[in-house]
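This report concerns the pockets of one protein model. The sequence and structure are shown first.

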Amino acid sequence: RRDTWLVLLRRERPGDEGAIERVHAAAFMRAADPTARPPEATLVDDLRASRDWITQLSIVAMHDSGVVGHVLCTRARLERGQPVLALAPIGVLPQHQGLGIGHALMHAVLGAADAMDESLVGLVGDPGYYARFGFRIAADVGIEPPDASWSDYFQVRPLTAYTPTLTGCFHYAAPFSAL
């Protein structure tokens, strides 16, 4: 195992784009077709070009002067237009997985979002995994996924600025529709 203390977390900087795309291409590669480029690999570029990009919430993990992980939150909205955040993608190079880098990235982006007085973060993922970060099934707080078939996996993490009046259907930034 590598020492996790050798990893530095920082905001994305100009010039990191290619390395971030490589992280997600490797992290989301499908075993069934390893030559196919995963959509998550280009999602960040599409989000970066959208009006929903939030520079402060694109965070990289650095090891030996290279990007080995990345996480991103972008603007999302509830059906009445209330601003919330969507977390995706989060990825770590396969050779660096299992070292706590994804865990550190998750805490960093949630902490940054909370410091910016954001109210809520939504994501689709394994409830057994994301519960450790304070996520819970969105329907339990009155938030519905954009696709009803996601209901068992669509989760939210209320932040300090959260109020129970935040309810309704969750809407991702437009680039997510390409997934």
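## Basis of the model

The model is predicted: local features need pLDDT of at least 70 and side-chain atom pairs count only at pLDDT 80 or more, while totals for chains, interfaces and linings use all residues. Residues are numbered from 1 along each chain as its sequence is written, and side-chain values use heavy atoms, with hydrogens and water left out.

## Largest pocket

Volume here is the space filled by probe spheres set on the points, which are joined across faces, edges and corners.

Its lining (residues with an atom within 4 Å of a point) comprises 16 residues, with Ala88, Val124, Tyr172, Phe176 and Leu179 nearest the centre. At least two lining residues come from each of α2 (40-48), β4 (83-92) and β5 (120-124); helices (H or I, at least four residues) and strands (E, at least two) are DSSP runs numbered from the N terminus. β4 gives the largest share, four residues.

By class, this lining has 14 nonpolar residues, one polar and one charged. Nonpolar covers Ala, Val, Leu, Ile, Met, Phe, Trp, Tyr, Cys and Pro; charged covers Asp, Glu, Lys and Arg; the others, Gly among them, are polar.

## Second largest pocket

The second largest pocket has a volume of about 310 Å³. Of its 17 lining residues, Ile90, Val92, Gln97, Gly102 and Tyr129 lie nearest the centre. Two or more lining residues come from each of β4, α3 (101-115) and α4 (127-130), and α3 supplies the largest share, four residues.

The lining of the second largest pocket divides into nine nonpolar, seven polar and one charged residues.

Technical notes: 1 Å grid on protein atoms, 1.4 Å probe; cavity = no way out; pocket = protein on both sides within 12 Å on 5 of 7 lines; lining within 4 Å.
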